[in-house]
Amino acid sequence: MNADSEADDLVVRTEAAANGGKCVARHDGRVVFVRYALPGETVRVRVLDRRASYWNAEVTEVLEASPARIESLCPIAGPEQSGCCDLAFAEPSAARRIKGAVVANQLARLGDFHWCDEEQASAEPVGDGAPTGWRSRVRLATSADGRAGFHRYHSDELVHRLDCAQLPSGMLAGVADTTWPPGAAVHVAVDDDGVRHIVTAGSRGGRKTAVVEGGYEAVQRVGGRTWRIPVTAFWQAHRDAPELYSKLVVEWAALEPGMTAWDLYGGAGVFAAALAEAVGETGHVVTVDTSRGAARSARTALADLGWVSVVNDSVRRALSMQRRRADVAVLDPPRTGAGREVIDALAAAEVRRIVHIGCEAASFARDVGLYRARGYQVEAVRVFDSFPLTHHVECVAVLTGPTSG
């Protein structure tokens, strides 16, 4: 049978979970990546695209279900629906095991590092571990007729039902009934005071950012310190993640008074604040981010910490300008990771201890491999289920490096 005569619908048996929220299956020796499946299922799938080395498909019917499959916890997710919660049909503890196995596999393949056997790997719950109602910020798109919605998976089409299970009850009350500027992004945040903020940004009509409800900035608190973060800016989506990560970063940084720490891709300076407390007034912390809004928030929130320098620049350029060697570097790069150039710069600067955070398993594993190639050793790895109902994870590694002695 040639490719042109093959049907779009196939019956396959799924194998292990792959990175990106899919499972591996095989058809006539060809790899098929199947979305909306769990390992060990027999499913009917629709082939979405055929590439030279693999196909992509999604489940249309479950013929033999995994014991971990449950009724979807998100009413708007799934094939032909919103792309929001692509693991909402997996029992939460099973989903955490799947995520851990994926990270272990990626670390072995791309990082040349054995974290643990895939059968024993698991992501850790965040906060109380509740799979629903954990998100504190969301961005919606708008259609040509001004209705807000979530994107379908890898599509410009919108789903206008807004009852995504990630969101706490009432967070989007009234949003579906409002007509918004066509093409605008609608940002909604519920801050640590319980205040809801709604801000629109951009539109086909060229309108600028506008505050619809609440204010332009949301109040966020971590470690007894207060930040005012633009609703349109980055902040950890899980309400309990900033406190958790901040405590772990300080623990793993193992700083002492008088030391120097670099907080790279530092955003609004949450980690910088914690690091500054650890090194004290005799130490020094440099926090770096390309976002001007983040740098403004950091300067305001950290104004009383005179030993913290806030740098609004690229990490690469900022590293080239440092004249004081760091004892510890903390990195929280975007999904694409830090990459070779930055990791080479850290190694050249002989930073002895690095805490590296990654929100995408493959790029995190690749970065771990780059550190290892420069002589760093992985001391510990933890993986967090910071995005329940989805395939996404947050990974943290602490590495110790070679020094000049």
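**From a sheet to its neighbouring spaces**

Modeller: The bridge partner of V31 in β6 is Y54. This is a predicted model, in which local features need pLDDT of at least 70, side-chain atom pairs count only at pLDDT 80 or more, and totals for chains, interfaces and linings use all residues. Residues are numbered from 1 along each chain as its sequence is written, and side-chain values use heavy atoms, without hydrogens and water.

Strands β4 (residues 30-35) and β6 (residues 54-64) pair in the parallel sense, with 5 bridges between them. Strands (E, at least two residues) and helices (H or I, at least four) are DSSP runs numbered from the N terminus, and two strands pair if DSSP finds at least two bridges between them. The open sheet has 6 strands in the order β1-β5-β6-β4-β3-β2, and its pairing is mixed. At its edges are β1 (9-13) and β2 (17-18), each of which pairs on one side only.

On a 1 Å grid over the protein atoms alone, a pocket is an open set of points with protein on both sides within 12 Å along at least five of seven lines, a cavity is a set where a 1.4 Å probe fits but cannot get out, and lining residues have an atom within 4 Å of a point. Of its 21 lining residues, A18, N19, G20, G21 and H391 lie nearest the centre. Helix α1 gives the largest share, 4 residues.

Helix α1 also supplies the largest share, 3 residues, of the lining of the largest cavity. The model has 3 cavities of 30 Å³ or more, and the largest contains about 70 Å³. Its lining is L87, A90, P92, A95, K99, P131, D385, P388, L389 and T390. By residue type, this lining has 7 nonpolar, 1 polar and 2 charged members.

The second largest cavity has about 40 Å³. Among the residues lining this second cavity are R96, G129 and H238.

Terms used:
Points joined across faces, edges and corners; volume = space filled by probe spheres on them. Nonpolar A, V, L, I, M, F, W, Y, C, P; charged D, E, K, R; others polar.
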